Amino acid sequence: MRETLPEFTKRGIRVGCVVQGTVAEMARFCGRHGVEAICIPDPGRESYRAMGLERTNWGKILFASAEGRQRRAAAKASGCSISLEGTFQKHSDVLQLPGAALVARDGKILWLHRGTATYDLPPPAELLSAVAAHLTNI
């Protein structure tokens, strides 16, 4: 996402990345990945519940599909890794599935992707397509 952030900015789209951590953890995690300006802390995971994002199970994490293994390898190659320190915080849920949404200024969800695996987030190009499909001024 950080690589395509300028494309969203150019189109006038504000990007936010909700993370499970506290404000201090969010700053540490997002700062390490160069995206601290777009991170939003949600240690209570209220936004995850509001979007209906489900949880997975340990079997699906430990015995990931070929696609899951490829995505993990790609994430690791780009500098992303699992933080064991962050993973085992009281408010952190390693089984929480991810999601992505296009939210209007009034809070209405215009488009929503609910992940079915821990690595299941849409590519930035799909997010840009969702923006183009819902906003006429793009």
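Helices and strands here are DSSP runs, numbered from the N terminus. The model is predicted.

**Stop 1: R45.** Select R45, in the loop that joins strand 2 (39-41) to helix 3 (46-50). Its phi is near 55°, a positive value in a residue other than glycine. Most residues other than glycine have a negative phi. Is R45 buried or exposed? R45 is buried, because its relative accessible area is 18% and the cut-off for buried is under 20%.

**Stop 2: the cysteines.** Show C17 and C39 next. How many disulfides does the structure hold? The structure holds zero disulfides. The cysteine sulfur nearest to C17 is that of C39, 4.7 Å away, whereas a disulfide requires two cysteine sulfur atoms within 2.5 Å. C17 has 32% relative accessibility and therefore counts as partly exposed.

**Stop 3: R14.** Move to R14, in the loop between helix 1 (5-10) and strand 1 (17-19). With 82% relative accessibility, R14 counts as exposed. R14 and V103 are 89 residues apart along the chain, and their C-alpha atoms are separated by 9.9 Å.

Stop 4: From V103, select residues 99-103, which are strand 3, together with residues 109-114, which are strand 4. The two strands pair in the antiparallel sense over five bridges. Strand 3 and strand 4 form a hairpin, with five residues between them. In the turn, G107 has a positive phi of about 95°.

**Stop 5: the nonpolar core.** Which residues make up the largest nonpolar core? Select F8, I13, V15, I38, A100, L102, W111, L127, L128, A130 and V131, 11 residues in all. Strand 3 and helix 7 (124-134) are the elements that give two or more residues to this core. Helix 7 supplies the largest share, four residues. In soluble globular proteins, nonpolar side chains tend to be buried together.

**Stop 6: a surface patch.** Finish with W58, L62, F63 and V94, which make a nonpolar surface patch of about 460 Å². Color F63 separately: F63 lies in the loop between helix 4 (58-62) and helix 5 (66-77). Is F63 buried or exposed? F63 counts as exposed, because its relative accessibility is 69% and the cut-off for exposed is over 50%.

Terms used:
Residues numbered from 1 in each chain as written. Predicted model: local features only at pLDDT ≥ 70, side-chain atom pairs only at ≥ 80, totals over all residues. Heavy atoms only, no water. Buried < 20%, exposed > 50% of the residue type's maximum accessible area, 1.4 Å probe, protein only. Patch = residues over 30% accessible without salt bridge, like charges linked within 9 Å, V, L, I, M, F, W, Y side chains within 5 Å. Areas by Shrake-Rupley, 256 points an atom, 1.4 Å probe, with all protein chains shown as cover. Salt bridge = Lys/Arg side-chain N within 4 Å of Asp/Glu carboxyl O. Pairing = 2+ DSSP bridges. Core = buried A, V, L, I, M, F, W, Y, C linked by side-chain atoms within 4.5 Å.
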